[in-house]
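User: Please take a close look at one part of this model for me: the cavities. What are they, and what surrounds them?

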Amino acid sequence: MKHAEVKFDTACIHAGQAPDKLFGGVSVPIYQSSTFAFEDADQGAARFSGKDDGYKYTRIGNPTNAALERCVAELEGGKFGLATATGMSAISTVFMTFLGAGKHVVSTGSVYGPTRTILEKELTRFGVESTFVDSSDANNVKNAIKKNTVMVYVETPANPTLSITDIAACAKIAHDAGAILVVDNTFCSPMLQKPLQLGADIVLHSMTKFLNGHSDVVAGMLVTNSQDLMKNMHRVICQMGGTIDPHQAWLVLRGVKTLALRVKVAQENAMKLAEELEKHPKIEWVKYPGLRSHPQYELAKKQMSGPGAMISFEVKGGVKAGKTVMDSVGLSTLAVSLGGIESLIQHPASMTHASMGPAARTEAGITDGLVRFSVGCEDYEDIKKDLWQALDKI
Ligand code: LCS
């Protein structure tokens, strides 16, 4: 049964998976094998030449990984999935496949720190050019397009500013320039946003976050409707070596089964928390796509089916007061990462986005006082009580 025929919650549990043909196992077996036996030399040769699509070596393909690829591709409304070792492996695969000397990429300025660092500090060594803009105004993307632009790269909502970029508008801008649009959909998961349906060519995830949802795996995913784009990304990742391990893929498959349940609860908690934080006397500002005060509130409502579970805020008293809050929470954990079942709090300027450097952070709107809260699935009153007692410590 295809995702198009069932509701999203159902697809999370079943997409890409069927009982195992050998013993009827309901859970997809973990094919913990690095290599696959050939019946004879001719079959081995046929697999390597592409005439036989059977498995040969896990870096190139594995049945457990394939189940996860079918699952997430279906949830994204895409045809082809490619599971990767980490979210950064998905991102670097996209860059290594489509960028090169003399090619230019326009990117959201406030992206996950290392994404920007790869472009600005690593790929520049190979002659790749990049321009970072505030993509919440699509005109900035349009104005940054050059003759050699081959990719528009968007993260929306952006980490950690939660700025929203108009995916459909950026798809048009990219396609008019003969470029592809790549969207990092990590903050939404396919439950809340489907970039391919809005015109993106490739959607990617750090599955470490909402898709897996249990803070126990690092993994990534690339999804596209284009066989050609997928063929190229598959070729590059198989050579560069960033594919996923089957045990890790199995854990993510298990996590995805509760994606809809988890996102619903975390989002409900986040909405209430954002509303109450906004009224708290010790809070300077709150940024959450579900609040009317969010600068792209209307766009978020149009493009996303819900505001998600990530909140950014600044405490009155800046960095010092923010640190007091982070050091005083007890139930929520002071840790990077996000999208897990447990609430996490962190300081982007000194942690996740430290590698960007102060100039890039200022330009991207990542203030020193910004505190990021990944709202989990604990009871709402417990999350609030914990955060409020931490605010009382200031
Ligand atoms: N894309 C986004 C939007 C992310 O937030 C992250 C990681 C990545 C890609 C990279 O994924 P990874 O390789 O870690 O699976 N974000 C993190 C964060 O905000 N805190 O710790 C990691």
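Analyst: A cavity is a set of points where a 1.4 Å probe fits but cannot get out. Its volume is the space filled by probe spheres set on those points.

Keep in mind that this is a predicted model. The structure holds two cavities of 30 Å³ or more.

Begin with the largest cavity. About 40 Å³ of space lies in it. Its lining includes Phe210, Arg262, Val263 and Ala266. Gly339, Gly340, Ile341 and Cys377 line the largest cavity too. By class, five of these lining residues are nonpolar, two are polar and one is charged. Arg262 is the charged residue.

Now the second largest cavity. Its volume is about 30 Å³. Pro157, Leu162 and Phe187 belong to its lining. So do Pro289, Pro307, Gly308, Ala309 and Met310. Seven of the lining residues of the second largest cavity are nonpolar, one is polar and none is charged.

Where does the second largest cavity lie? Look at who supplies the lining. Domain 1 covers 3-256, and domain 2 covers 260-391.

Key:
Residues are numbered from 1 along each chain as its sequence is written. This is a predicted model: local features need pLDDT of at least 70, side-chain atom pairs count only at pLDDT 80 or more; totals for chains, interfaces and linings use all residues. Side-chain values use heavy atoms; hydrogens and water are left out. On a 1 Å grid over the protein atoms alone, a cavity is a set of points where a 1.4 Å probe fits but cannot get out, and a pocket is an open set with protein on both sides within 12 Å along at least five of seven lines; lining residues have an atom within 4 Å of a point. Domain bounds come from an automatic or database domain assignment.
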